[in-house]
Amino acid sequence: MDTDKQVNILREGFLVKRGHVVQNWKARWFVLTPDKLLYYKYEGSKRDSCQRGKILLKDCVITCPFLEYENRPLVMKLQTKHGVDHYLEACSREARDEWAADINAAVNNLQTTNGKSKTDKPDPAESQLNNISLSKVLDSMYDVHSGIKLSNLVEQGSTYSNCFSGSAVVDWLVFMQLVLTRVEAVTLASALLEEGFLRTVGQKSVEALRTAGLSAQFMDDSTALYSFSDSLKKRGSVKAETSLSAVELSGKVIKRGYLLKQDDISPVGGFSLRGCLVSSLEDNGVPSGVKGNVQGNLFKIITQTDTHYFIQAPTHQEKMDWLDAMRSQC
């Protein structure tokens, strides 16, 4: 897993990201590095330490501004080399344009340093998959009736829940006729893994990914385990969540002032009204026994133990209502 200490951070801050499966908008903390855009859970103005996903920047295309969301004018679109669209919203036009410029610079730098020469031959299997939508493949995998089966699988004595083997994914992709050959299926599954839609589970697939580095090679192996990414909702348990805009999360001040807020309605004290004497106090100054300059809409309660309580109501009518209610219980 990538950590901030291992990478050169070019820019970081929060953006609102549209989900892939449930297309609501959630605040995420983004970290831009020279070759990828990492994002983390972001709640209560705090960034979670667990990485939620990443967007590889090589051969990405950014569209800024992206104006197809009428109620969200501050969105930009980032399309990966596999055709996966990521929609990100900033809290201001300045922030959006600065993010877009920095991402574009990183993409351009990758093309300069890692670009293919004209003599490089494209991977035939990868060329066949250029027109396949990874998001639609993921939707099909999630389908309750025809999607890939989730199981509890064992690897080296450890049991992993809600996962599937590499060979099961390849079998399913071929059976669903999303690809023609197992080689194409491995290429497609590798793209899903690279885009963060799938994640490695267990030691074998994790070690294979670590060895492969950025290539994210998927294994057509019945003992290599994978699962859906943690950032995606588990099938059958998707819940609607409130989608907030980046402006709503930015803390921009619309109005300021003082208001009274009720924090807790739990009682902090009390006494029995049985046998109490309840009387109204005149509004002609501070009554005897009352501390401070408190006057108006006051009444007094004397308990059976001769404890005196002075209570103030917000209005005269409230005071009379409280007196009538308490006298009926005394």
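This is a predicted model: local features need pLDDT of at least 70, side-chain atom pairs count only at pLDDT 80 or more; totals for chains, interfaces and linings use all residues.
## A three-stranded sheet

Let's start with strands E12, E13 and E14, which line up in that order as an open sheet with antiparallel pairing. On average, neighbouring strands here are turned by 20 degrees against each other, if you ignore direction.

Zoom in on E12 and you'll find 4 bridges linking it, in the antiparallel sense, to E13 (residues 298-302). Take Leu 277: its bridge partner in E13 is Ile 302.

## A helix across the strands

Helix H8 is made of residues 316-327 and lies across E12 and E13. Its direction makes an angle of about 160 degrees with E12.

## The largest nonpolar core

Now for the greasy part. In soluble globular proteins, nonpolar side chains tend to be buried together. The largest nonpolar core in this model counts 27 residues, and Met 141, Val 169, Leu 173, Leu 198, Phe 218 and Phe 228 have the most contacts inside it. Two or more residues each come from helices H3 (134-142), H4 (166-175) and H5 (182-194), and from strand E11 (225-228). H5 gives the largest share, with 7 residues.

Val 169 makes a handy place to look around: leaving aside residues up to four places away in sequence, it touches Met 141, Ile 148, Phe 164, Ala 189 and Phe 218.

## Another core

How values were computed
Residues are numbered from 1 along each chain as its sequence is written. Side-chain values use heavy atoms; hydrogens and water are left out. Two strands pair if DSSP finds at least two bridges between them. Axes are lines fitted to C-alpha atoms, for helices over the stretch in contact, and angles run from 0 to 180 degrees between N-to-C directions. Contact means heavy atoms within 4.5 Å. A nonpolar core is a set of buried Ala, Val, Leu, Ile, Met, Phe, Trp, Tyr and Cys residues joined through side-chain atoms within 4.5 Å. Buried means under 20% relative accessible area, exposed over 50%, partly exposed in between (1.4 Å probe, protein chains only).
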